[in-house]
There are 4 protein chains.
Amino acid sequence: MINAVVMPNPGAPLETRAFDRPALEPGAILLRTLGSEVCGTDGHLWKGQLAGVPYPIIPGHVSVGEIAAFGPGEPPRDVDGAPLRVGQTVTFLDVYGTCGRCWYCTVGKASTRCPYRKVYGVTMSADDGLYGGWAEYIHLRPGVHVVPLPDGFAWRAFLAGGCGMPTALHAVSLGEIAFGDTVLVQGAGPVGLCAAVLAQLRGAGQVIVVGGPDVRLAAARRFGADLVLDIATLAESERLQAVREVTGGRGADVTIEATGVPSAVPEGMRLTRDAGRYVVVGQYTDAGTATFNPHLDLNKKHLDVRGCWGSDAGHVYRSVRVMARYAAQFPWTELISREYGLDEAQRALADVAAQRVVKALIVPARDGTAPAPSAA
Amino acid sequence: MINAVVMPNPGAPLETRAFDRPALEPGAILLRTLGSEVCGTDGHLWKGQLAGVPYPIIPGHVSVGEIAAFGPGEPPRDVDGAPLRVGQTVTFLDVYGTCGRCWYCTVGKASTRCPYRKVYGVTMSADDGLYGGWAEYIHLRPGVHVVPLPDGFAWRAFLAGGCGMPTALHAVSLGEIAFGDTVLVQGAGPVGLCAAVLAQLRGAGQVIVVGGPDVRLAAARRFGADLVLDIATLAESERLQAVREVTGGRGADVTIEATGVPSAVPEGMRLTRDAGRYVVVGQYTDAGTATFNPHLDLNKKHLDVRGCWGSDAGHVYRSVRVMARYAAQFPWTELISREYGLDEAQRALADVAAQRVVKALIVPARDGTAPAPSAA
Amino acid sequence: MINAVVMPNPGAPLETRAFDRPALEPGAILLRTLGSEVCGTDGHLWKGQLAGVPYPIIPGHVSVGEIAAFGPGEPPRDVDGAPLRVGQTVTFLDVYGTCGRCWYCTVGKASTRCPYRKVYGVTMSADDGLYGGWAEYIHLRPGVHVVPLPDGFAWRAFLAGGCGMPTALHAVSLGEIAFGDTVLVQGAGPVGLCAAVLAQLRGAGQVIVVGGPDVRLAAARRFGADLVLDIATLAESERLQAVREVTGGRGADVTIEATGVPSAVPEGMRLTRDAGRYVVVGQYTDAGTATFNPHLDLNKKHLDVRGCWGSDAGHVYRSVRVMARYAAQFPWTELISREYGLDEAQRALADVAAQRVVKALIVPARDGTAPAPSAA
Amino acid sequence: MINAVVMPNPGAPLETRAFDRPALEPGAILLRTLGSEVCGTDGHLWKGQLAGVPYPIIPGHVSVGEIAAFGPGEPPRDVDGAPLRVGQTVTFLDVYGTCGRCWYCTVGKASTRCPYRKVYGVTMSADDGLYGGWAEYIHLRPGVHVVPLPDGFAWRAFLAGGCGMPTALHAVSLGEIAFGDTVLVQGAGPVGLCAAVLAQLRGAGQVIVVGGPDVRLAAARRFGADLVLDIATLAESERLQAVREVTGGRGADVTIEATGVPSAVPEGMRLTRDAGRYVVVGQYTDAGTATFNPHLDLNKKHLDVRGCWGSDAGHVYRSVRVMARYAAQFPWTELISREYGLDEAQRALADVAAQRVVKALIVPARDGTAPAPSAA
């Protein structure tokens, strides 16, 4: 039997349930979970803030595991086209089922808006199988995009970025940072911290992080932020003034929003210079409205504002490559504040919600190696 | 003496004043005005809605004239590099003094945000000279960007677009329309109508215009709009439904805002499809705030929103070329509802404010050829 | 039985063979062919100039047909997501099997370089089924991208563009034409003519076509080219001079190569202005090498040269929308010089090779409606 | 008197000449030279390989100096808009006189192709003044774009990049490197080494340098290249194989050419993957032709090839910011192999030509502080 954490319903206590070993169809993979992240989305799921979630679910959308078994037939291939091998350490794109045939996939070239996509740990039900990462094993269905971790790149290092890294990589790419630009990041959670690092890997001239609390701001500094502004001690007008002081009065060239707070959006427009770019990636749930001045904040500013939704296989593939290549420069694992066993998942959720940790991981084998799954 | 319309102060009646013929410095041009447009900005100027205007001014920022004289020395050159000739019919970029040396000009590559730019008819004072188009002659200072009208292209045809054409050309270019896209234009004034035409000259698959009143919507239809939605008879929800019906439920691929009304901006975000582009070009004065939902309207939509401010010499040059090339297809002069002499300028302002006309021109020589300016 | 033209081997005479009505798998479509084009590729196929062709094949890659039957289960959907209906007139992307999983599909975002793609009429064998358009019926396998023709848009009009239209649409899109640009097209075959039309639908300021022979140049003029240069009467240096004369000495802003002749490529680099863009789309077979000067033709010119390979579903979808929207302006069917029955296919091939025709179609029902396919 | 190195004519020995202290016009700056680079262009100048050079010239186009004096009137401003101060350490864009009015400046937005631009040390004559960096003082004319070096950023560190840094920054920007891309650099001279560093500051997944000789390849390794291929020991086919081995058989995602050798261009096309980008920046003089296959190397590859010419003020400004921000990570000054006094300029030229040094500087005050220039 395989143990997994189940979220039965919004607000209901998490449970650990035992599942049968799944029958693997051709092209499927059984992954022994090494670790799975706890992210802000998991908190939103528990509070019932996302639409279309087929509770009960097994949370955990970004995970790393070791390939335990394949379905019958040829082994599936990784994103690079190489055949996978049992024993390999891999991650995978949590989005499954992007159709490749709908208007968004073919004409709009915006596959993150494909209506057929499902997400491991979010929109796939525990009634249907081991489709989340807070479990000893994960069932990867045929067609899931698998990315091996390179030799010498620790799985914990990758999970230190978690879903924040491909999310930030997508946002930072949309930001089109030019060499020497001042990049401002709103929010110091995992997405914001990853964005602050990635800005340096685009040759930013300076990186400013606006956020809190202390534990996160300390991480921002350790990971290279040139200036950190604490929202607990600085009013909005003081933050604007501080940013203008270090940008010749202009504001940031590129701003990345990663807060989840609607009022951050008009503030971000004002923190950005005229003719700059502003990427909004932190508004993943409906937290209400915001008010802005279209003349001052948008039209006269000649501002470019880009909403950024979701990730694709390319973002995960590129995240792995970037994190591995610059691992000596950025000590990723320091972002992990704490690891939790399956039986501690409720506490992990609480710690993340209270922002007591920077990054939290669920590590199923924390108290010993997970047992080999017995045949059903 | 040279007659010119002067706007002494916001709200004060327009006057016709006589000016001496200006002394021309090397590189300067004296232009005999053939026509100058009346645009929404002129109304804003009269209502005192723009900051930094050095009243008294001679209104009229986009104009066409015949070259009457040059300052001493070599004749200045047009944007193509060819020497200008007395007698040529030309237009010019109303923006003067873009520095080419500031941060926005050199690093930011956003010359429309250069702090040194001045605008004929808007931010240049009548106390300093003939720096507006509602005058028998205009004094082009050295360095003004001059664009000749091609042989066979009537000056009235160019002025039928007026400042709306380079403004729309900038906005439509930012919209990055792809072949076959559905393009929605909010607003049926000169900018909106020009945008609706230019969308067809980007190969749009269908063009929708949302606006009013009837006289403008009729023009929209005559100039090729496939669907026209009247804001006087359709509620916002009905407009949204109508747009979705003709776009497979998705909304417009690209939307161009040209209304001046803040609430049009959140509506435009919703009228645009997920992962579409929305260009905001109509918010030229501060008309207040608007409220939107960052999650639904921006982040989850993966929407790209682009503020668009000002025009440069390239926009004017390209406008002339496009209007001349496609003059057989689009009967530009039909956009001109009425022409006014210098002494009728006040009435022209009122007609434009009341939206009784599509495009109004000031034609100084309306009652005969303007007299040759006598020496001072 | 269903009649189809078969190309048994390079150089061998075409044959008409009778095929059984295919068994339709779920998601498959049987299309009654209304028409299929004869294009340059068919000539290359007959001369054996393409690698990897599984002879025997049924030629004909771009076709229009009427839906005759579906495989069992739900009807497949079109690119817009709407369910298809028996009796609908549709075209389809000739490329089948793009995987959506390989590196090029997921990371490189260059699906036209997906190694798994096959092409109807080119790389699918007649031994396997009715996989080409020169046949009374075509078997569309599950997953083929189907695009209905809009009501009122004649199927002949669409085929007048044929594969040239999505190919040109891809190339012209890559050319990033700005309003008012001078666009030069090398080659006056179907791709070149389509490019010359599409340039006008990007607001080009002038369109120059360099090519031959007379029948094609006449078509270029009829479809709006402002200047036509005949390679039979003008030497390369004269062509360069003629282009410079109408471009202020600079050369074309954007050049589209559609010739198939290697030496056209360095010439095209020289015909394009400094800092312009040059799209090479006509070199579809290996016709040898070309020599250029990297300093003069590329580096000092600050030239952008873009190779353009293949089309995807978006290109076909957009082609249909554009051709239908602007059908009143461009009399597409005039491009069709002649139609041929299945039994005249050899002659069609010869006429195309000799450039005696602009566009040639195979129309299976030319001598009467195709019989309903009898059950096997 | 002010001493300066003069190159009287191609091939003629360099001389040291004494110049009067220049009269400074309003807006001009007298710069006391701290250092000036010796670059490949200086060798080309001495060999007479550049057209339009008004010998005699004072070589040295990229330089750093201390502001010694201003012309009358207000002090000029730096690129950021701040007033300059006597005693500040600054560099400047070597390109002077970009007009801001011609077609390339206004419409083409390609100011590096402005026909009016002149270059310090290259196309400005010693007969006209102190317009080159191999001199105790440099005369900056009004309008020269000046960029101060930030506090704590050593001038030698900036000159270690020299003109190679803005050149590479332009090229790498055109390369549009995505996170995790494999970037290949052809050539290990100053431009190539800077490109290899900048690729890492775009988040490249791996950086490959192909070049020689040993002294340069050692520098490439020290500055982070993941793989170095020596053209002295590996044949072209071996280089291709080596690149394919580390790129899943595909080739580099982005290649930057910085060699000056024409045959490197077709090789670079083949070293780049299908649908990749290839930037050609090293072909600064006419060194002959190259042969390629338009079908295989360009069209079927769907390759994007971009010529890259010149730098502008933004490139210099961004270079300064990037080099200063990442100075701890990249020990720039290690690139400087040797410094030479004015009297050693001939030897410096020889050492650069023989590739005995990575970067060579002319340091006028090498044997003591330069004397204050006496009044004329």
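## Interface of chains C and A

Across the interface of chain C and chain A, the rule finds 11 residue pairs in polar contact, both residues at pLDDT 80 or more. A polar contact is a pair of N or O atoms within 3.5 Å; within protein, one must be able to donate a hydrogen and the other to accept it, and residues adjacent in sequence count only if both atoms are side-chain atoms. Helix H2 (103–106) and helix H10 (313–325) of chain C each supply at least two residues of the side of chain C that touches chain A. H10(C) gives the most to that side, with four residues. Helices (H or I, at least four residues) and strands (E, at least two) are DSSP runs, numbered from the N terminus.

This is a predicted model: local features need pLDDT of at least 70, side-chain atom pairs count only at pLDDT 80 or more, and totals for chains, interfaces and linings use all residues. Residues are numbered from 1 along each chain as its sequence is written, chains are lettered from A and ligands numbered from 1 in the order in which they are written, and side-chain values use heavy atoms, with hydrogens and water left out.

## Area and salt bridges

In this interface, 19 residues of chain C are in contact (heavy atoms within 4.5 Å) with 19 residues of chain A. The area buried between the two chains is about 1,500 Å². Carbon and sulfur atoms give 49% of that area. Buried area is the accessible area (1.4 Å probe) that two parts lose on being put together, summed over both. C:Arg101, C:Trp103 and C:Val107 supply 37% of what chain C buries against chain A, more than any other three residues.

The rule also finds two salt bridges across the interface of chain C and chain A. A salt bridge puts a side-chain nitrogen of Lys or Arg within 4 Å of a carboxyl oxygen of Asp or Glu. A:Asp312 forms a salt bridge with C:Lys109, the closest N and O atoms being 3.0 Å apart.

## Helix H7 of chain C

In helix H7 (residues 236–245) of chain C, C:Arg239, C:Ala242 and C:Val243 are buried. They cover an arc of only 95 degrees around the axis, so they sit on the same side of H7(C). The arc is that of the directions from the helix axis to the C-beta atoms. The face turned away carries the exposed residues C:Ser237 and C:Glu245. Buried means under 20% relative accessible area, exposed over 50%, partly exposed in between (1.4 Å probe, protein chains only).

The cover over the buried residues of H7(C) includes strand E10 (182–186), strand E13 (252–257) and helix H8 (264–271) of chain C.

## Backbone exceptions

Most residues other than glycine have a negative phi, and most peptide bonds are trans. A:Ala275 has a positive phi, near 65 degrees. It lies in strand E14 (residues 272–280) of chain A and counts as buried at 14% relative accessibility. C:Ala275 has a positive phi of about 65 degrees. This residue is found in strand E14 (residues 272–280) of chain C and is buried, with a relative accessible area of 16%.

The peptide bond from B:Tyr55 to B:Pro56 is cis, with omega near 0 degrees. B:Pro56 is in the loop between helix H1 (40–46) and strand E4 (63–70) of chain B. Another cis bond joins D:Gly212 and D:Pro213, with omega about -5 degrees.
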